[in-house]
Amino acid sequence: MVLDRLRRANTGRDPKKIPDGLWVKCPSCAKTVFKRLVEERLDTCPECNHHFRMSARKRIAALIDDGTWQEWDADMSSADPLGFVDGKGYPERIAQQQAKTGLKDAVICGGGKLAGHSIGLGVSAFDFNGGSMGSVVGEKLTRLVERCTAARMPVIIVSASGGARMQEGLISLMQMAKTSAALARHAEKRQLFISVLTDPTMAGVMASYASLGDVIVAEPKAMIGFTGARVIQETIKQELPEGFQTSEFLHKYGQIDLIATRQEMKAELARIVSYLHHA
Ligand SMILES: [Zn+2]
């Protein structure tokens, strides 16, 4: 992430996003590849299968059967409970993010069919303020889970988030408890929750609903963790193992059940749902 920030500062671009133009330089294998090929492969590199960040809308289209998607709570938008100003006011910041992304906030929720199975799906929009979880993200995800509990339907949440949204302070942190409580009630009714972790899933999101899946699936080489490596190192005063905040490391030590590439994801999720869901 630090490297990303440096690159972004130098070029004004997010290196993990596909830049405009016909050609893209892959940040992983450094090869120059045809952008249209990358897009046709669900935003992955044709040379090394590096997973670029994917928009929430495209993710939904990749997972949900054609013509079955119904979006829920699409118009929910954030208030400014703290009158927060950091350079600019929070309402202004929100309006800017809305204009940029065409979304009201950083998650899209709804229902549809995944390979024929009825499911509820929430997908982080990393484009919107780093996918951060404020009151709207927390409320939409909670409603998603509650609907699924009532309908005895599996819920799948695909995360890509830097964590809680600082402009909503404590109200943002409360969403950790609220989403977790809804998932606990979902589990009491013996209903399935699959958490899908993508690059990056960090901080308050990883420390709440994202780590509570009955099954936790991750994309390859995603950055997953609570806080930055340097902060941890300075706190516990120990050398940290190489790559300890990656999907592969967490999978090796049992915190993630399965790593699935984007090409495999829909079939893997369908397989898990057909094994574990009993309506
Ligand atoms: Zn590549």
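Eight residues of domain 1 are in contact with twelve residues of domain 2. On the domain 1 side, the residues touching domain 2 comprise three nonpolar, three polar and two charged residues. The model is predicted.

**Domains**
- The domain assignment places residues 1-52 in domain 1 and residues 54-276 in domain 2.
- A distance of 23 Å separates the C-alpha centres of domain 1 and domain 2.

**Leu42**
- Leu42 sits in the loop that runs between helix H2 (35-40) and helix H3 (56-63).
- Leu42 counts as partly exposed because it has 18 C-beta neighbours inside 10 Å.
- Setting aside residues up to four places away in sequence, Leu42 touches Met54, Ala62, Arg262 and Gln263.
- Pro27 is 15 residues from Leu42 in sequence, and their C-alpha atoms are 16 Å apart in space.

**Strand E8**
- Strand E8 (residues 155-161) is largely enclosed by the rest of the structure, because seven of its seven residues are buried.
- Val155, Ile157, Ser159 and Ser161 point one way from E8, whereas Ile156, Val158 and Ala160 point the other way.

**Strand pairing and crossovers**
- E8 pairs with strand E7 (residues 117-124) in the parallel sense over four bridges, and Leu121 stands opposite Ile156 in E8.
- From E7 the chain passes through helix H5 (residues 135-151) to E8 in a right-handed β-α-β crossover.
- E8 also pairs in the parallel sense with strand E9 (residues 193-201), over six bridges, and Ser161 stands opposite Thr201 in E9.
- From E8 the chain continues through helix H6 (residues 169-188) to E9, and this β-α-β crossover is right-handed.

Methods:
Residues numbered from 1 in each chain as written. Predicted model: local features only at pLDDT ≥ 70, side-chain atom pairs only at ≥ 80, totals over all residues. Domains from an automatic or database assignment. Contact = placed C-beta atoms within 7 Å. Nonpolar A, V, L, I, M, F, W, Y, C, P; charged D, E, K, R; others polar. Helix = DSSP H or I, 4+ residues; strand = E, 2+ residues; numbered from the N terminus. Buried ≥ 20, exposed ≤ 12 C-beta atoms within 10 Å, placed from the backbone. Pairing = 2+ DSSP bridges. Right-handed = clockwise from strand over helix to strand, strands pointing away.
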